[in-house]
Amino acid sequence: MTEQETPLWEVFIRPRNGLAHRHVGSVHAADEVLALDAARDVYTRRGEGNSIWVVRSDAIAASDPDHADETFDPTADKIYRHPTFYEIPEDVGHM
Amino acid sequence: MYSQGLIGADGRTEESEAFLDAFQKRIDAEEKIEPKDAMPEGYRRTLIRQIGQHAHSEIVGMLPEGNWITRAPSLKRKAALLAKVQDEGGHGLYLYAAAETLGVSREQMTEELLSGKAKYSSIFNYPTLNWADMGAIGWLVDGAAIMNQIPLCRCSFGPYARAMIRVCKEESFHQRQGYEIMLTLCRGTAEQKQMAQDALDRLWWPALMMFGPHDADSAHSEQSMKWKIKRFSNDQLRQKFIDATVPQAEYLGLTVPDPDLRWDDSLNGGKGGYAHGDIDWDEFWRVVKGDGVMNRDRIKARKKAWDDGAWVREAALKHAEKRAMRKTQEAAE
Amino acid sequence: MADQALLNALIELADDHNILSHRLAEWCGHAPILEEDLALTNMALDMIGTARGLYSHAADVEGRGRSEDDLAYLRVEREYRNCLLVERPNDDFAHTMLRQLFFAAFMEPYWQSALTSSDETIRGIAGKSVKEVAYHIRHAGEWVIRMGDGTQESAARLHAAMQDLHIYTEELFHASEAAGHCARAGLLPDRTDLRETWLETLTPIFAEARLEMPEGVPPQIGGRDGLHGEDLGHLLAEMQYLQRAHPGASW
């Protein structure tokens, strides 16, 4: 009973204008049109959004968690990228 | 809706001590584990099994309530029941997707359900025999499920926890709509009240069984707790459920079908709670193993939907293929 | 007279929605793919909502203290006024989706036109429903295209559905005496006007689905006179069972 699998799509929804699309889950659908319908029928039943993106799950390239150390840790000591690194006298006021 | 009572989880794992220790440290620090992270094979296997069982329970769980959609006694009740059963379909869908992040496909999981290899909550192998069952399922079965599902929102596996947060948010109306049905029946005619009592009589014990075997007999619970897949023991949750539900039954004027049920000051660490009579575990295992009155029919119904739908799924895939081909051709011209 | 005509016309319309939503609800838990369980249920819920609004309005117009449920649950086959199309059994997914497309493609221009009804409640129902049916057209239409231009089996099933169902579409454009009266009074749209828009909606979909509507076959009509097929009685027996078994009870 092995049948061809219906592709998986990741669903992103924008709750309202002004916000970014956010990943909410996934659906199975044969193509992008049915995927958008499915996303609408599954993930917006309670007024969760006003815009939907779908993207095939196998089209997403992801960073490798095994390389997370070398990928993300080198930024840890670059504290000069943060505003609190710099000392400005209080008299100068908010900056 | 679902139970905990994970059946037959196998948390055995063969990684090195150092690997397991490092993993445990992450768990103890309340770090969430994400799908591509390194994890013990036993952790992955337990999750696939538990999330799969949970998803199957939602999908099979659509059937006993689906049995009354077309007989719902008012348009309002029909809409509410339909929306509730639809939610269950949605919850099955979220959960399948959570399991899929671990590298098992929905088709594989479906095949396991249809072949009888995968288990699901045995509560759904009981028939729904009158309209009050719609009330009792919402009140008791969803009530029991909520007890279990709220802690699952903090489960250590990220996709499962996120799915459960969504599920819990949506399910908040399920128990209330069930209790409202019970309340309406209990305030109605003598026949209606009798229906409500009958539903409670039949569903009370199966609802208690939803929490799974006693802690002492729950072989794989300990490892699941350690990995924070599970946060409370079966007996703890069952007690919590009974303590919350008995006063609700009293409010309805219904009798809980347990002659040994009584208040016991010594329970819950001296705070008191309801002591209950013995659960018939023979019945539990009989139904789990496939000999409940509805087991065969449930799987048959799922198999029929899946088989009848095969040509539709094939058509959609074929059409997608044709469209993709035409697009390539157009681009070439 | 005016009130009686409006009452009858509202009941016709409400019965259409009640019966078709019931058919869609029969799918719940049995769809070909889980995503479609949710989609079919969404359409069913839209239509139950519309049916409730219409029955309530009918009950108000009648002014005899009957409720939406009295109208839905306590009338027998011969008193039901739905068109024959909506009571057709689900059969398979092809029948279900084609039936939905036929109906939604009619209701979209109907509600569009009802937005200017002289009756405020009808305008309100139209405002909500017109968006819902636009989605039903889209969703059912996409599936009709996929079945028509999918596999051999799906095309054969869709063609069979067309053979079975197209004879019931003519009735959509027939106005009963009550509906005709309401159309002239500006309360409800004129059904006989909507054929062109209906065809405009369907033609491109059927072209993509490689589907043709047979011509020259005599249509089946009768629902507005309470002359139904045999399936409706079974549907009502199931739907009305509790209300009939426990007269006067509240649920």
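Q: Which residue in β2(A) stands opposite Phe12(A)?
A: A quick note first: this is a predicted model, where local features need pLDDT of at least 70 and side-chain atom pairs count only at pLDDT 80 or more, while totals for chains, interfaces and linings use all residues. Residues are numbered from 1 along each chain as its sequence is written, chains are lettered from A and ligands numbered from 1 in the order in which they are written, and side-chain values use heavy atoms, with hydrogens and water left out. Strands here are DSSP runs (E, at least two residues), as helices are (H or I, at least four), numbered from the N terminus. In β2(A), the residue opposite Phe12(A) is His23(A).

Q: How many bridges join β1 to β2 in chain A?
A: Strand β1 covers residues 8–14 of chain A and strand β2 covers residues 22–28, and they run antiparallel. Two strands pair if DSSP finds at least two bridges between them. For β1 and β2 of chain A, the number of bridges is six.

Q: Which residue in β3(A) stands opposite Phe12(A)?
A: β1(A) also runs antiparallel to strand β3 (residues 51–56) of chain A, and six bridges join them. In β3(A), the residue facing Phe12(A) is Trp53(A).

Q: In chain A, where is confidence lowest?
A: Confidence here is pLDDT, the predictor's score for each residue, from 0 to 100. Chain A has a mean of 93, and 98% of its residues reach 70 or more. Within chain A, the highest value is in β3(A), at 98, while the lowest, a mean of 89, belongs to helix α2 (residues 68–72).

Q: What pLDDT does chain C average?
A: For the model as a whole, the scores are ipTM 0.97 and pTM 0.94. In chain C, 99% of the residues score at least 70, and the average is 97.

Q: What is the area buried between chain A and chain C?
A: The contact (heavy atoms within 4.5 Å) takes 12 residues from chain A and 11 residues from chain C. Buried area is the accessible area (1.4 Å probe) that two parts lose on being put together, summed over both. Carbon and sulfur atoms give 55% of that area between chain A and chain C, which comes to about 1,100 Å².

Q: Which residues in chain A lose the most area to chain C?
A: Three residues together make up 45% of what the chain A side buries. They are Leu34(A), Asp37(A) and Asp41(A).

Q: Which residue of chain A forms a salt bridge with Arg138(C)?
A: A salt bridge is a side-chain nitrogen of Lys or Arg within 4 Å of a carboxyl oxygen of Asp or Glu. Across the interface of chain A and chain C there are two. In the one with Arg138(C), the closest N and O atoms are 3.5 Å apart, and the partner is Asp37(A).

Q: What is the area buried between chain C and chain B?
A: This contact takes 48 residues from chain C and 46 residues from chain B. Carbon and sulfur atoms give 66% of the buried area, which is about 4,100 Å².

Q: Which residue of chain B forms a salt bridge with Glu35(C)?
A: The count between chain C and chain B is three salt bridges. In the one with Glu35(C), the closest N and O atoms are 2.7 Å apart, and the partner is Arg106(B).

Q: Which helix of chain B holds both Asp198(B) and Arg202(B)?
A: Over all chains, the structure has 49 salt bridges. Asp198(B) and Arg202(B) form a salt bridge, with their closest N and O atoms 3.0 Å apart. They lie four residues apart, about one turn of the helix, in α8 (residues 190–209) of chain B.
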